[in-house]
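Here are my notes on the model you sent. Please read them with the structure open.

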Amino acid sequence: MNSFGSSSEFRLTRGGRFLIAQLLVPHRVLSTSVRNGGQQERVRFLVNHQSCEASDHRERHHYIAEMGQNRYHDAVCREIGLDPESAALMGTAANMNYASVADRFDEGLSVTAVVTAGVQGNAACAGDPADGAKPETAGRRS
């Protein structure tokens, strides 16, 4: 894993298909992770990973579906050497090598966003219609 960013609050590393934020101080985490989801204060690692390819990922889908979400969570954590009970996991088709980090500070508040995005098949902007904008029209406003 290579260092991708850090502060006194977290250490961000990236390696292969994984982005891991290690929380260095206690945080209240709100997550949709199958394991450790909801509001938690015991989560110490936030993991985003490329769980499938961006197109025709049937083999990986079958692998995850047959294993089940909880066992898949455990398998991913084992792969990167984390205790499954201390991690919140998110999967995406986005390649972690294209992740971007942005930090903003204002009046004692610090916010760090680590962002991945699809830019071909599922690209959209906030406010786009929910019916799925085509890539050539995504983000355009009349």
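1. Basis. This is a predicted model; local features need pLDDT of at least 70, side-chain atom pairs count only at pLDDT 80 or more, and totals for chains, interfaces and linings use all residues. Residues are numbered from 1 along each chain as its sequence is written, and side-chain values use heavy atoms, with hydrogens and water left out.

2. Confidence. pLDDT is the predictor's confidence in each residue, from 0 to 100. The chain averages 82, and 81% of the residues score at least 70. Helices (H or I, at least four residues) and strands (E, at least two) are DSSP runs, numbered from the N terminus. Among the elements, strand β3 (residues 18–23) has the highest mean pLDDT, 95. Helix α1 (residues 58–67) has the lowest, 79. Treat residues 137–142 separately: pLDDT stays under 50 there. For that stretch the model has 10 contacts (heavy atoms within 4.5 Å) beyond four places in sequence.

3. Sheet. Two strands pair if DSSP finds at least two bridges between them. Five strands form an open sheet, in the order β1-β2-β3-β6-β7, with mixed pairing. β1 and β7 are the edge strands, each pairing on one side only. From one strand to the next, the twist averages 20°. β6 and β7 run parallel and are joined by 6 bridges. Phe45 stands opposite Ala87 in β7.

4. Helix on the sheet. Helix α2 (residues 69–79) lies across β3, β6 and β7. It runs at about 100° to β7. Axes are lines fitted to C-alpha atoms, for helices over the stretch in contact, and angles run from 0 to 180 degrees between N-to-C directions.

5. Pocket. β9 gives the largest share, 6 residues.

6. Ser31. This residue is found in strand β4. Ser31 and Leu89 are 58 residues apart in sequence, yet 8.5 Å apart in space, C-alpha to C-alpha. Beyond four places in sequence, Ser31 touches Asn36, Gly37, Gly38 and Ala88.
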